[in-house]
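Here are my notes on this model. Please read them with the structure open.

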Amino acid sequence: MKRVVTIQDISCFGKCSLTVALPIISAMGIETAVIPTAVLSTHTGSGFTGYTFRDLTSDIPDISRHWQSLGLKFDAMYTGYLGSIEQVQIVSDLFDTFSTDSNFRVVDPVLGDAGKLYAGFTQNFVRQMRRLCRKADYIIPNMTEASFLLGIPYTEDYDRAYVEDILRRLADLGCPTPLLTGVHFDDKSQGAAAYNSASDTFCYSFGTNFDRTVHGTGDIFASVFTGAIALGKSLSRALDISVQFTHDCIEATIPVFDQTWYGTCFESCLGKLITYLSE
Ligand code: PXL
């Protein structure tokens, strides 16, 4: 059985970060260990104000030391939302401690969306996240996050050449296999792209564009992608499965969006995810 450790916050209500990663990666038949980096009453995305935030940064080195004493090994390490600059540094140390010749690291550089940083994030935080990306085998930014990581203006008007330039520049940051989510060249479809710098090849995967932003889809995508690579799927197959499942989840959410505006109805789609893994 494969074993992944995912390092991100618990937003107690709101269906993102650990409350998405843990069920999804587990459903893929992978043992999922967690390091909760913070406990929030809800996520910080639009619709919620007044949320609590309990920082757990100082627990992480102790968890790491205990796990080292147990000799724990992981097939993959996957980070999502991190709450402070210090936390990014500690996660970077954790990568050093638990990296082996045969495991891989996925960094979802959660920074923002629609051209804006999420609440509480600064340029200094972006700089620290850029350094963490250097240690990753795969990074999974959206166009907003890629633009902040590269220090370039955000645009929604781009073509394939622009996407490929962004992916090459992300690889130049030091990550051999960057992805880009939320890619769309027209109004009809939306998907993701990946760049394998070792073979200098790109791959794309698209589904119907629902033209609706649903919170937590980035976490769904990154969780499925991490699990699929851990299970030995190729880059292009892992990309296809992640795009397809994220598409399924948005499709399932739209009819009940008025009640579940804060998150994505991924639960009813988990059965389909399992079938994608055997295809
Ligand atoms: O979905 C990413 C995410 C994770 N965790 C928290 C967030 C967000 C995005 O807003 O606020 C706490």
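**Notes on the predicted model**

1. Ring pairs join Tyr158, Tyr162, Phe185, Tyr204 and Phe206 into a cluster. Rings of Phe, Tyr and Trp (its six-membered ring) pair if their centres lie within 6.5 Å; planes under 30 degrees apart count as stacked, over 60 as edge-to-face and the rest as tilted. Across the whole structure, the search gives 18 aromatic pairs.

2. Some ground rules. This is a predicted model, where local features need pLDDT of at least 70, side-chain atom pairs count only at pLDDT 80 or more, and totals for chains, interfaces and linings use all residues. Residues are numbered from 1 along each chain as its sequence is written, and side-chain values use heavy atoms, with hydrogens and water left out.

3. Two arginines sit over rings. The charged end of Arg160 lies over the ring of Tyr204, 4.2 Å from its centre. Tyr204 is also one of the cluster residues. Arg212 is over the face of Phe257, at 4.8 Å from the ring centre. The criterion: NZ of Lys or CZ of Arg within 6 Å of the ring centre and within 35 degrees of the ring normal.

4. Look next at Trp67 and Phe98. Their aromatic pair is edge-to-face, with 6.3 Å centre to centre and 75° between the planes. It links distant parts of the chain: Trp67 belongs to helix α2 (residues 60–70), Phe98 to helix α3 (residues 85–98), and the two are 31 residues apart. Helices (H or I, at least four residues) and strands (E, at least two) are DSSP runs, numbered from the N terminus. Both Trp67 and Phe98 are buried. Buried means under 20% relative accessible area, exposed over 50%, partly exposed in between (1.4 Å probe, protein chains only).

5. How do the axes of α2 and α3 cross? They come within 10 Å, at roughly 10°. That makes α2 roughly parallel to α3. The contact involves Ile60, Pro61, Ser64, Trp67 and Gln68 of α2, and Gln87, Ile90, Leu94, Thr97 and Phe98 of α3. Contact means heavy atoms within 4.5 Å. Axes are lines fitted to C-alpha atoms, for helices over the stretch in contact, and angles run from 0 to 180 degrees between N-to-C directions. Angles under 35 degrees count as roughly parallel, over 145 as roughly antiparallel, 65 to 115 as roughly perpendicular and the rest as oblique.

6. Which residues of α2 are buried? They are Ile60, Ser64 and Trp67. Seen down the axis of α2, the buried residues fall within an arc of 65°, so they line one face of the helix. The arc is that of the directions from the helix axis to the C-beta atoms. An α-helix has 3.6 residues a turn, so residues three or four places apart point the same way. The cover over the buried residues of α2 includes β1 (3–13), β2 (31–42) and α3. Exposed Arg65 and Ser69 are on the face turned away from the buried side of α2. Just after α2, Gly71 has a positive phi of about 70°.

7. Helix α1 (18–27) has Leu18, Val20, Ala21, Ile24 and Ile25 buried. Down the axis of α1, its buried residues fall within an arc of 155°, so they line one face of the helix. Their cover includes β1, β2, β4 (76–79), α7 (217–230), α8 and α9. Gly29 follows α1, with a positive phi near 85°.

8. Check two residues with positive phi that are not glycines. Ser17, in the loop between β1 and α1, has a phi of about 40°. Ser17 is buried, at 1% relative accessible area. Asp200, in the loop between β10 (189–196) and β11 (201–208), has a phi of about 50°. Asp200 is partly exposed, at 42% relative accessibility.

9. Ile254 is in the loop between α8 (235–253) and α9 (270–278). It is partly exposed, with a relative accessible area of 26%. Setting aside residues up to four places away in sequence, Ile254 touches Phe210 and Arg212. Thr52 is in the loop between β2 and β3 (53–55). Thr52 is partly exposed, at 46% relative accessibility. Beyond its neighbours within four places in sequence, Thr52 contacts Val39, Leu40 and Ser41.
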